[in-house]
Amino acid sequence: VAGEVGTGVYSCQPRSSPLHSHRKSISMGAAVLTEREVLDVVKSLSVRWLSEDYDFYRRNCCHFVDDFLTRLGLGAAPPRL
């Protein structure tokens with residue numbers, strides 16, 4: 001939640017976040033990282049994406065997805081996000 005101190009990164013099953021409404025899934029391909037490597041990426045993102053840094057226009061969930069996909073080796077998020 002914006003304004004709270006802590007990480008803005010959390011996990012949940014796909015399309016089941018109670019904090020967001022899900023409209024559509026977009027396939028971005030398959031990462032070639034191991035499960036451990038993906039977890040390491042998530043851990044590194046959790047210290048970079050703090051809830052107190054959230055900004056609706058400049059640092060939101062779409063920006064996070066772009067960073068996450070890039071670190072997974074899948075390229076940038078589609079502009080339509």
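This is a predicted model: local features need pLDDT of at least 70, side-chain atom pairs count only at pLDDT 80 or more; totals for chains, interfaces and linings use all residues.
Arg59 lies over the face of Trp49, at 3.8 Å from the ring centre.

Trp49 is buried, at a relative accessible area of 10%. The structure has three aromatic pairs. Phe56 and Tyr57 are both exposed. Trp49 and Phe64 also belong to one aromatic cluster with Phe68.

**The nonpolar core**

Nonpolar side chains tend to be buried together in soluble globular proteins. In this model, the largest nonpolar core has five residues, namely Val9, Val41, Leu45, Trp49 and Phe64. Phe64 is in contact with Val9, Leu45 and Trp49, when neighbours within four places in sequence are left aside.

**Helix H2**

Phe64, Asp67 and Leu69 are the buried residues of H2. H1 is included in what covers them. Asp67 has a relative accessible area of 15%, and because the cut-off for buried is under 20%, Asp67 counts as buried. The side chain of Asp67 makes a polar contact of 3.0 Å with the side chain of Trp49. Neighbours within four places in sequence aside, Asp67 is in contact with Leu45, Arg48 and Trp49.

Phe68 lies in helix H2 as well. With a relative accessible area of 21%, Phe68 is partly exposed. Not counting residues up to four places away in sequence, Phe68 touches Val41, Val42 and Leu45. The C-alpha atoms of Phe68 and Val32 are separated by 14 Å, and the two residues are 36 residues apart along the chain. After H2 comes Gly73, which has a positive phi near 85 degrees.

**Asn60 at the start of H2**

Asn60 is placed in the loop between helix H1 (35-48) and helix H2 (61-71). Asn60 is buried, with a relative accessible area of 13%. A side-chain oxygen of Asn60 reaches to within 2.8 Å of the backbone nitrogen of Cys62, at the start of H2. A polar atom of the Asn60 side chain also lies 2.7 Å from the backbone oxygen of Phe56. Residues up to four places away in sequence not counted, Asn60 touches Trp49, Tyr54 and Asp55.

**Accessibility of selected residues**

The table collects the relative accessible areas given above.

| Residue | Relative accessible area | State |
|---|---|---|
| Trp49 | 10% | buried |
| Asn60 | 13% | buried |
| Asp67 | 15% | buried |
| Phe68 | 21% | partly exposed |

Definitions and conventions. Residues are numbered from 1 along each chain as its sequence is written. Side-chain values use heavy atoms; hydrogens and water are left out. Helices (H or I, at least four residues) and strands (E, at least two) are DSSP runs, numbered from the N terminus. Buried means under 20% relative accessible area, exposed over 50%, partly exposed in between (1.4 Å probe, protein chains only). A polar contact is a pair of N or O atoms within 3.5 Å; within protein, one must be able to donate a hydrogen and the other to accept it, and residues adjacent in sequence count only if both atoms are side-chain atoms. Contact means heavy atoms within 4.5 Å. A nonpolar core is a set of buried Ala, Val, Leu, Ile, Met, Phe, Trp, Tyr and Cys residues joined through side-chain atoms within 4.5 Å. Rings of Phe, Tyr and Trp (its six-membered ring) pair if their centres lie within 6.5 Å; planes under 30 degrees apart count as stacked, over 60 as edge-to-face and the rest as tilted. A charge sits over a ring if NZ of Lys or CZ of Arg is within 6 Å of the ring centre and within 35 degrees of the ring normal.
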